[in-house]
Amino acid sequence: MDWRKELSMNLTTAEEIIEALNLKLSEDEIEKLKQIIERYPMSVPRYYLSLINKDDPDDPIKKLCIPSIYETDMSGSFDTSGEADNTVLVGLQHKYKETGMLLSTSSCAMYCRHCFRKRLVGQNDDEVNKNFDNIISYIKNHEEMTNVLISGGDAFLNSNKKIENYLKELSKIDHLVYIRFGTRVPVVFPVRIYSDAEFLDILDHYNKIKQIYIVTHFNHPNEITEESKKAVSELRKRGLVIRNQTVLLKGVNDDSKILELLMKGLVGMGVVPYYVFQCRPVSGVKNQFQVPLKRACKIIDEAKCNLSGMPKSFKYCMSHRSGKIEILGIMNEGKILFKHHQSKHPENSSRIFELEVDDNQAWLPDDFFDH
Ligand code: SF4
């Protein structure tokens with residue numbers, strides 16, 4: 001079946017999901033579910049739905065794709081990393097001098113309930129690039145840029161034609177060393193990759209001109225299946241390099257054994273663990289999924305203790321307004337040690353600092369580096 005047709009069969013309404021999962025909800029709960037879906041769209045591919053164990057009320061896959069009442073909790077913010085401040089043209093962010101980040105679409109194959117771009121995915125194209133010529137000119141004029149991340153939404157939800165155009169124009173720019181795609185398609189909708197020969201040919205062709213990296217997003221070992229392996233394998237056969245970013249999520253993967261299995265599974269399929277991210281304090285996400293920093297450090301340390309070099313090659317980081325901050329661990333006096341891995345402002349580059357963190361604290365204040 002054509003993947004576009006399969007995508008059109010995603011479950012998008014409360015009625016469909018209630019029936020498919022045989023959920024026992026009161027009238028009031030059904031009404032709330034409808035209101036949440038109206039505010040933050042739901043779209044669940046039938047493949048991803050099949051990974052849910054319907055008999056497990058705490059199934060992690062279900063938590064990743066089915067709305068929860070927590071999404072009505074408006075504490076937190078919709079722009080936790082200062083994306084508005086880093087936007088230089090509609091659809092282009094330039095936070096770190098070496099990297100351009102292109103918002104290519106607001107669509108995704110699945111709307112993850114923990115998404116940090118909840119403000120836009122599945123909802124509006126206001127922040128999505130509208131004038132690619134202007135973006136290309138900006139990148140050409142910024143020779144300090146070594147790479148562009150084509151993000152979204154999900155970059156692989158763009159049409160083949162659009163993806164080809166991005167690759168064609170970007171691969172002509174000499175100072176770009178590599179191009180990245182940010183996509184959760186290998187995890188939630190792998191058929192889009194392995195069934196589309198034209199798409200694979202486009203990637204194959206441009207990867208010979210400029211190295212392409214795929215940054216994907218596996219969160220749980222149950223997402224590693226024969227289907228996802230098939231998609232990854234097709235990309236690897238064409239020489240693309242695939243790295244993974246996991247978000248540490250309460251009730252999903254906040255367990256050292258789960259993380260161990262995930263990292264081993266990724267390495268076994270040829271995907272290099274890249275980052276484990278602290279979940280951001282996004283409205284509707286924060287109180288459902290954030291793990292306090294001290295508890296998170298213990299989970300990460302326990303997992304790393306049982307892993308060899310490659311599966312523990314990831315950095316545990318926080319994408320803060322000031323940059324990407326590595327969370328190195330808990331010190332003897334109970335303080336946490338941090339290090340700037342990538343900084344928006346050069347004065348913070350590689351800066352190491354220690355901090356007293358209370359037991360429930362899960363983030364650093366936005367203005368932490370302003371004084
Ligand atoms: S695929 Fe990525 S951008 Fe889309 S909803 Fe999931 S986390 Fe957000």
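Hi everyone, let's start with helix α13 (residues 256-268) and helix α15 (residues 293-305), which pack at an angle of about 50 degrees with their axes 8 Å apart. Before going on: this is a predicted model, where local features need pLDDT of at least 70, side-chain atom pairs count only at pLDDT 80 or more, and totals for chains, interfaces and linings use all residues. Residues are numbered from 1 along each chain as its sequence is written.

Helices here are DSSP runs of H or I with at least four residues, and strands are runs of E with at least two, numbered from the N terminus. Axes are lines fitted to C-alpha atoms, for helices over the stretch in contact, with angles from 0 to 180 degrees between N-to-C directions.

So which residues of α13 and α15 meet? From α13 we have Ser256, Leu259 and Glu260, and from α15 Ile299, Glu302 and Ala303, where contact means C-beta atoms, placed from the backbone, within 7 Å. Sorted by class, that contact has 3 nonpolar, 1 polar and 2 charged residues. Nonpolar means Ala, Val, Leu, Ile, Met, Phe, Trp, Tyr, Cys and Pro; charged means Asp, Glu, Lys and Arg; the others, Gly among them, are polar.

Next, the ligand. Among the residues surrounding the ligand are Cys108, Cys112, Cys115, Arg117 and Arg184, with a C-beta atom, placed from the backbone, within 6 Å as the criterion. The shell has 5 nonpolar, 2 polar and 3 charged residues.

Last, threonine 87 in strand β1 (residues 87-89). Leaving aside residues up to four places away in sequence, threonine 87 touches Leu92 and Gln93. Its C-alpha atom is separated by 9.7 Å from that of leucine 102, 15 residues apart along the chain.

Terms used. Two residues are in contact if their C-beta atoms, placed from the backbone, lie within 7 Å.
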